[in-house]
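Me: I've got a model open and want to talk through its packing and its ligand site. Can you walk me through what you see?

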Amino acid sequence: MTFVLHQDPFTPFDQSPSRDLTGFSPMGFYDEMIPAAPSDEFRHRVGTKPLDVSRWLPDDKESAPTIAMKRELLVSRREEVVAIHEGGEGAATEAARLVGDFKGVTIEAEGLDALIDAALLVPDDLTVLAPRVAANGEEQLLFVAGVVCSPSRWRLNTKMGKDMLATHQPVARYGEHIGAPVDTLLRRLTVDRPLWRSNWTLEDHPALFQPEPPEKPLGVAADQLWIRMERETLRRLPNTGGVLFTIRGFQQSLPDYVGGSPERARTLYALIERLPEDVARYKSIFAYREAVLGWLRERS
Ligand code: HEM
């Protein structure tokens with residue numbers, strides 16, 4: 001995995017940008033995604049909120065370049081960005097139709113082809129879960145299909161057919177903090193109460209398409225780091241009983257994110273400082289922590 005250092009979120013991590021970046025600056029994050037100052041010690045939180053369906057998959061100035069990037073990846077590296085598990089076709093078709101209906105487009109295809117058609121209508125990545133009865137008689141939701149062009153250092157094809165605990169296996173403290181609550185939330189998700197949540201991390205490369213971490217930290221200076229956030233939505237699929245989980249990635253350089261705001265610098269400082277070592281390592285913040293905290297302290 002050779003990372004090419006560049007400044008373009010829409011160029012894969014291992015390629016040099018071919019587009020002209022003059023005048024480009026990332027749009028930043030929706031206000032409601034910005035993490036609040038923590039009041040206690042670190043715990044992963046489920047943190048879901050009700051989703052206003054009229055704003056399900058919003059269109060913005062990064063939609064077009066994100067969809068163009070997806071189109072390119074679907075041609076040049078298809079095996080890295082699409083996957084389907086045996087028996088996932090029905091839920092994938094139903095998920096695709098839901099996106100098509102939202103965009104006012106009829107999707108005729110079935111299964112993975114339908115999901116690809118849907119994924120090209122929106123900037124968001126589409127992942128699909130379907131219910132299966134486990135050996136103990138309990139119903140579980142398994143990850144059965146996806147079109148994922150903005151993976152934050154994970155590989156789609158390693159997740160197929162897995163339940164939520166196994167899908168999140170590399171996430172330090174996931175099982176301990178939110179394993180059971182996520183399963184309960186997914187079991188109880190209803191068609192008329194869709195949800196959304198967001199998360200954040202710090203990365204040393206801005207590419208939306210980063211299916212693996214670098215072998216070792218890229219060694220950039222603190223002011224060359226990027227804040228990466230995801231806006232994720234959850235919708236129950238009424239016919240198959242599956243779930244459509246969408247993921248939209250955004251990134252902004254640390255200096256642009258903090259801007260001139262001491263409050264932002266203080267909040268980020270508190271969020272980063274309290275991370276336990278294993279979580280900081282998972283988030284690839286560990287190697288940069290002291291440098292970033294110093295940089296933020298000067299701006300607080
Ligand atoms: C309310 C539901 C969910 C919660 C609270 C949740 C929580 C999380 C958290 C905290 C992380 C680590 C992010 C970070 O710290 O940088 C994560 C990563 C991830 N999540 Fe979820 N998640 C949820 C649902 C899902 C669903 C439905 C899927 C898939 C269909 C999924 C797939 C993933 C994957 C693939 C990763 C990256 C894992 C890796 O590094 O290999 N999540 N999730």
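Me: Which residues are the closest around the ligand?

Reply: Quick ground rules: residues are numbered from 1 along each chain as its sequence is written. This is a predicted model, so local features need pLDDT of at least 70 and side-chain atom pairs count only at pLDDT 80 or more, while totals for chains, interfaces and linings use all residues. 21 residues surround the ligand, and the closest are T127, W154, P170, T201 and F245.

Me: Which elements each supply at least two residues of that shell?

Reply: Elements here are DSSP runs numbered from the N terminus: helices are H or I with at least four residues, strands are E with at least two. By class, the shell has 10 nonpolar, seven polar and four charged residues (nonpolar is Ala, Val, Leu, Ile, Met, Phe, Trp, Tyr, Cys and Pro; charged is Asp, Glu, Lys and Arg; the others, Gly among them, are polar). At least two shell residues each come from strand 3 (125-133), helix 6 (174-188) and strand 5.

Me: How are helix 3 and helix 4 oriented to each other, roughly parallel or roughly antiparallel?

Reply: Axes are lines fitted to C-alpha atoms, for helices over the stretch in contact, and angles run from 0 to 180 degrees between N-to-C directions. The axes of helix 3 (residues 89-103) and helix 4 (residues 111-119) come within 8 Å and cross at roughly 25 degrees. Under 35 degrees counts as roughly parallel, over 145 as roughly antiparallel, 65 to 115 as roughly perpendicular and the rest as oblique, so helix 3 and helix 4 are roughly parallel.

Me: Is E215 buried or exposed?

Reply: E215 is found in the loop between strand 5 (195-203) and strand 6 (226-236). The cut-offs are 20 or more other C-beta atoms within 10 Å for buried, 12 or fewer for exposed, and partly exposed in between, with C-beta atoms placed from the backbone. E215 has 9 C-beta neighbours inside 10 Å, so it counts as exposed.

Methods. A residue is near a molecule or strand if its C-beta atom, placed from the backbone, lies within 6 Å of it.
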